[in-house]
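Reader: I am new to this structure. Could you show me how to read a few of its features?

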Amino acid sequence: MSLHAPQVRYGEVDREYVARMAAVTTEDDGPFLMLNLMRYRDWADYGDDRPPITGREADALYAPLEMLADAGAEVVLVGDVDEQPRGDERWDRVALVRYPTAHSFLEMQQRIDFLA
C-alpha cells in the first residue's frame with residue numbers, strides 16, 4: 001500500500017459542477033466561458049520513449065483550435081503569468097475560451113479526436 005497520493009497528470013474534474021452544467025436546459029443554456037489555468041512541469045511526462053521536451057513545449061504542441069472552431073468556440077485570451085496574485089497558487093499561463101453554450105463545451109469533451 002502506497003502512503004503517497006497518486007500524482008495528478010492533468011487537471012482534476014469537478015464532477016458536481018459538470019453535472020450542474022449538463023442539467024442546464026436548452027432554453028437556459030447560452031454563452032459559456034472556460035478559464036484554463038496552466039502549470040507546466042519542468043519536463044513533459046508522456047510515460048513513453050519520446051525525446052524529452054519541456055512542459056511548455058508540450059503545451060505548445062497541443063492546440064485544439066480546429067476542434068474549438070468545430071464546437072463554435074473561440075480563444076478570447078492567452079497569456080503568460082508574470083506575477084502570482086494569490087500566494088501559494090502558481091500558474092504559468094492562462095487561456096480564456098468562449099463556447100456558444102455549456103452543452104457545446106461538454107460535447108467537445110466527448111469527441112474522440114479531443115480525447116486522443
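Author: Start with contacts: two residues are in contact when they have heavy atoms within 4.5 Å. The model is predicted. In the protein chain, residues 24 or more positions apart account for 62% of the contacts with a separation of 6 or more.

Reader: Which elements does the protein chain contain, and in what order?

Author: There are 5 helices and 3 strands. Read from the N terminus, the order is α-β-α-α-β-β-α-α.

Reader: What share of the residues counts as buried?

Author: Buried means under 20% relative accessible area. Of the 116 residues, 25% count as buried. Helix α4, residues 102-109, supplies some examples: A102, S104, F105, L106 and M108 are buried there. The cover over these residues includes α1, β1, α3, β3 and α5.

Reader: Where does D29 lie, and is D29 buried or exposed?

Author: D29 sits in the loop between α1 and β1. D29 is buried but has no salt bridge, and R98, the nearest side chain of opposite charge, is 13 Å away. A polar atom of the D29 side chain does lie 2.8 Å from the backbone nitrogen of A102. Beyond its neighbours within four places in sequence, D29 is in contact with V24, T101, A102 and H103.

Reader: Which residues make the nonpolar surface patch?

Author: L33, V76 and L77 make a patch of about 250 Å².

Note on methods:
Residues numbered from 1 in each chain as written. Predicted model: local features only at pLDDT ≥ 70, side-chain atom pairs only at ≥ 80, totals over all residues. Heavy atoms only, no water. Patch = residues over 30% accessible without salt bridge, like charges linked within 9 Å, V, L, I, M, F, W, Y side chains within 5 Å. Areas by Shrake-Rupley, 256 points an atom, 1.4 Å probe, with all protein chains shown as cover. Salt bridge = Lys/Arg side-chain N within 4 Å of Asp/Glu carboxyl O. Helix = DSSP H or I, 4+ residues; strand = E, 2+ residues; numbered from the N terminus. Buried < 20%, exposed > 50% of the residue type's maximum accessible area, 1.4 Å probe, protein only. Lys, Arg positive; Asp, Glu negative; His and termini not counted. Polar contact = N/O pair within 3.5 Å; in protein donor to acceptor, adjacent residues only side chain to side chain.
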